[in-house]
Amino acid sequence: MAAKLHSIAGSRSFRVNWLLQELGEPVEIVPYQIMDGSLQRPDFKAKSPARRVPALEIDGRVLFESGAIVQYLCETRTGHDLMPAIDSAERADWLQWLHYPETLGAGIQNLNMQHLFLPKDWMKSPTVMGIETKRLAIALKAVEGALTDGRDYLLSSGFSAADVMMGFTLDSARRYVRFDNYPQTAAYLARLKAREAYIAAEAAEGPQQFYTQDFYNLPES
Ligand SMILES: N[C@@H](CCC(=O)N[C@@H](CS)C(=O)NCC(=O)O)C(=O)O
C-alpha cells in the first residue's frame, strides 16, 4: 500500500515527498492549504496534534515531524546511500545537518508570518523582520562554510538525506536572503533542484501557492 503524505505544496512536507521519491517508494499525496482551515479538520488533528504538515501514514501508523520521518525512512528502508552507518565517522555530521535545517526553518517561518500571513500592515513588525532576516543570513553562513572545500553535498561522501532536509529549506530561505554572498550554497541548491527525484516530487505535489514574489525585501525604514 502506498504511503499517504499529508502535505501542503512547497512546505516542509516536500522533504518527505522528495525522500520517498529518492527511495522509489510509492506515495499518495493528501493536499491541504495553509489558510483555508483544512489543517483544523478533526480527522487531521488526530494525525498531527499541532495541526502541521507533514504527517505520514506508513507501516500501519502515522508519524509527524519532518526530520523524524526522514530519519525513520532512512533507518527502515534498505538498499540506499542516504544515511551513513551508525559507526561511520560521518554519522554525527549527518545528524547535525539533518536537524540544522530546522534552525533555518524557524527563521523562515517567522518571516513567512510577517511577510505573507499577517493580513494587515499594522500587525507586521519591521523590527522583527530585520532581526529575523539577519539571523537567517548568519545561520546560512554555516551551510556556505560546509561547502567551501569544493564538496558537492553536505557530507564529503556524497548525497544523503541531510541534503533533502536542507534543499527544501534553502529554496525557502532564498526568498528572504539573497544568495549573492553565498555562491557555494547557490550552486548546491541548483544541483539539488536538478535531481530527478526532486523534479518528480515537485510534479507530484503541484505548485506552491503562498509565495507570490521571488524575493521579499525588508520594508523601508
Ligand atoms: N518541525 C516541524 C514543523 C512543521 C510545520 O510547522 N509545518 C508548517 C508547514 S512548513 C505548517 O504545517 N504550518 C501550519 C501552521 O503553522 O498553521 C516539522 O519539521 O515537521
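**Exercise 1. Work out what R12 holds on to.**

Start with the side chains: those of R12 and Q109 are joined by a polar contact of 2.8 Å. (A polar contact is a pair of N or O atoms within 3.5 Å; within protein, one must be able to donate a hydrogen and the other to accept it, and residues adjacent in sequence count only if both atoms are side-chain atoms.) A quick note before going on: this is a predicted model, where local features need pLDDT of at least 70 and side-chain atom pairs count only at pLDDT 80 or more, while totals for chains, interfaces and linings use all residues. Residues are numbered from 1 along each chain as its sequence is written, and side-chain values use heavy atoms, with hydrogens and water left out.

Next, look for another partner: the R12 side chain also makes a polar contact with the side chain of E102, at 2.9 Å. Now place R12 itself, which sits in the loop between β1 (3-7) and α1. (Helices are DSSP runs of H or I with at least four residues, strands are runs of E with at least two, and both are numbered from the N terminus.)

Then widen the search to contacts, meaning heavy atoms within 4.5 Å. Leaving out residues up to four places away in sequence, R12 touches V53, P54, S66, E102, G105, A106, Q109 and F168. Finally, check the reach along the chain: R12 and V164 are 152 residues apart, yet 10 Å separates their C-alpha atoms.

**Exercise 2. Decide how enclosed helix α1 is.**

Take the cut-offs: buried means under 20% relative accessible area, exposed over 50%, and partly exposed in between (1.4 Å probe, protein chains only). Helix α1 covers residues 13-23, and nine of its eleven residues are buried, so the rest of the structure largely encloses it. The buried ones are S13, F14, R15, V16, N17, W18, L19, L20 and L23. Step off the end of α1 and you meet G24, with a positive phi near 75°.

**Exercise 3. Describe two helix pairs by their packing.**

Axes are lines fitted to C-alpha atoms, for helices over the stretch in contact, and angles run from 0 to 180 degrees between N-to-C directions.

- Pair one: α4 (residues 91-99) and α5 (residues 101-117) have axes 4 Å apart, at an angle of about 10°. That makes α4 roughly parallel to α5. (Angles under 35 degrees count as roughly parallel, over 145 as roughly antiparallel, 65 to 115 as roughly perpendicular and the rest as oblique.) The residues that meet are W97, L98 and H99 of α4 and P101, E102 and T103 of α5.
- Pair two: the axes of α7 (residues 161-173) and α8 (residues 183-193) come within 10 Å and cross at roughly 110°. So α7 is roughly perpendicular to α8. D163, M166, G167, L170 and D171 of α7 make the contact with T185, Y188, L189, L192 and K193 of α8.
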